[in-house]
Amino acid sequence: MKSYDVTALGELLIDFTENGMSQQGNPILEANPGGAPCNVLAMLNKLGKKTAFIGKVGDDNFGHMLADEVKKSGTDVTNLVFDDQVHTTLAFVHTKPDGDRDFSFYRNPGADMMLRKEEVMEELIQNSKIFHFGTLSSTHEGVREATRHAIDVAKNNGVLVSFDPNLREPLWESLDCAKSEIAYGLSKCDILKISDNEVEFMTGTDDYEKGASILREKYDIPLMFVTLGKAGSFAYFKDQMAHAEPFLQEGTIETTGAGDTFGACALNYVLEHGIDALTAKNLKELLTFANAGASIITTRRGALRVMPTADEIRQLIAQRGASV
């Protein structure tokens, strides 16, 4: 028996998001706990799963605030390391009128970049059903080595590997480097969640079905999800394919955490149904639930603290006349 359903490695940071204007006419920024891997874990916790996180924050006020919040969300933080030399990474999020975002990172360096191979607790990964990671933990040499080591530990112990590229172009020395690291992740994963713009980035085509086919064939990825924002999502497994419509919301504020919520719901379905015999009906059920969860988070500021419950997701699905 495994002790954890999912262990994730990666960035934990503060997302400064816009929250109105002051009386002086200045934008008010709210310090939200952020970082894609911990958002995924927070959602899995809401769905009743047991999770653990591997990463590094600064030994500062923001770092300790993040540690407390992640622990409160239900995630094991035994392998959250504090760096007494480098501050916690900060991200400033500008929200566009349609809810999409631009990011400005204060990370030169940031504590999340400083995680080292020898600081990774292998037993957490060995005792997990799924290991999850993205590419922000591969932008620089030291943390890249730690990430690749963790992936090797997972592969060598029969742990399913989940990958979300989560491309943030400003953080890379070059886009060629970003492409190389995403390709490495694609070559190692059993479960892939990738966005439409990332498919185009890796394949050069904006025909997402064609792009998905190229990636599946090149990297032999067993289970793949492509998120298309307002156009819903696709799932691919063996010779099965499914599409589900989005749950568009009039009350959308921002899209922060939507992909992470989707990814967590997808992993939750795999944990409950396995990965060996999924049908087209299974894939449609998975996508419908994940799309609904992602839709709800767009109506809330931040992500980690405000993940929806399974009941809230089912209620939205019922209201829209969909089924799972």
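**View 1. Lys 155 and Asp 190 joined by a salt bridge.** In this predicted model, the side chains of Lys 155 and Asp 190 come together in a salt bridge, at 3.8 Å from N to O. The pair ties together distant parts of the chain, 35 residues apart: Lys 155 belongs to helix α4 (residues 141–156), while Asp 190 sits in the loop between α5 (175–188) and β10 (191–195). Lys 155 is partly exposed, with a relative accessible area of 37%. Asp 190, at 16%, is buried, because the cut-off for buried is under 20% relative accessible area.

**View 2. A salt bridge between Asp 164 and Lys 193.** Here the closest N and O atoms of the two residues are 3.4 Å apart. Again the pair links distant parts of the chain, with Asp 164 in the loop between β9 (160–163) and α5, and Lys 193 in strand β10, 29 residues apart. Asp 164 is buried at 6% relative accessible area, and Lys 193 counts as buried at 11%.

View 3. The structure holds 13 salt bridges, and one of them brings together the side chains of Lys 56 and Asp 83 (3.8 Å, N to O). Lys 56 lies in strand β4 (residues 51–58) and Asp 83 in strand β5 (residues 76–83), so this pair, 27 residues apart, links distant parts of the chain. Both Lys 56 and Asp 83 are buried. Look for Glu 119 too: a network of salt bridges links Lys 56, Asp 83 and Glu 119.

**View 4. The hairpin of strands β12 and β13.** Strand β12 (residues 233–237) pairs with strand β13 (residues 240–244) in the antiparallel sense, over 5 bridges. Phe 237 has Gln 240 of β13 as its bridge partner. Between the strands are 2 residues, and Lys 238 takes a positive phi near 50° in this hairpin. Gly 232, in the loop between β11 (223–227) and β12, is buried at 4% relative accessible area. Its C-alpha atom is 9.3 Å from that of Leu 248, 16 residues apart along the chain.

**View 5. A patch of negative charge on the surface.** Glu 200, Asp 206, Asp 207 and Glu 209 gather here. Asp 206 is found in the loop between α6 (196–203) and α7 (208–219), and at 53% relative accessibility Asp 206 counts as exposed.

**View 6. Leu 13 in strand β2.** Leu 13 has its place in strand β2 (residues 13–21) and is buried, with 4% relative accessible area. Leu 13 and Gly 110 are 97 residues apart in sequence, yet their C-alpha atoms are 9.0 Å apart in space.

Definitions and conventions
Residues numbered from 1 in each chain as written. Predicted model: local features only at pLDDT ≥ 70, side-chain atom pairs only at ≥ 80, totals over all residues. Heavy atoms only, no water. Pairing = 2+ DSSP bridges. Helix = DSSP H or I, 4+ residues; strand = E, 2+ residues; numbered from the N terminus. Patch = residues over 30% accessible without salt bridge, like charges linked within 9 Å, V, L, I, M, F, W, Y side chains within 5 Å. Areas by Shrake-Rupley, 256 points an atom, 1.4 Å probe, with all protein chains shown as cover. Salt bridge = Lys/Arg side-chain N within 4 Å of Asp/Glu carboxyl O. Lys, Arg positive; Asp, Glu negative; His and termini not counted. Charge placed at Lys NZ, Arg CZ, Asp CG, Glu CD. Buried < 20%, exposed > 50% of the residue type's maximum accessible area, 1.4 Å probe, protein only.
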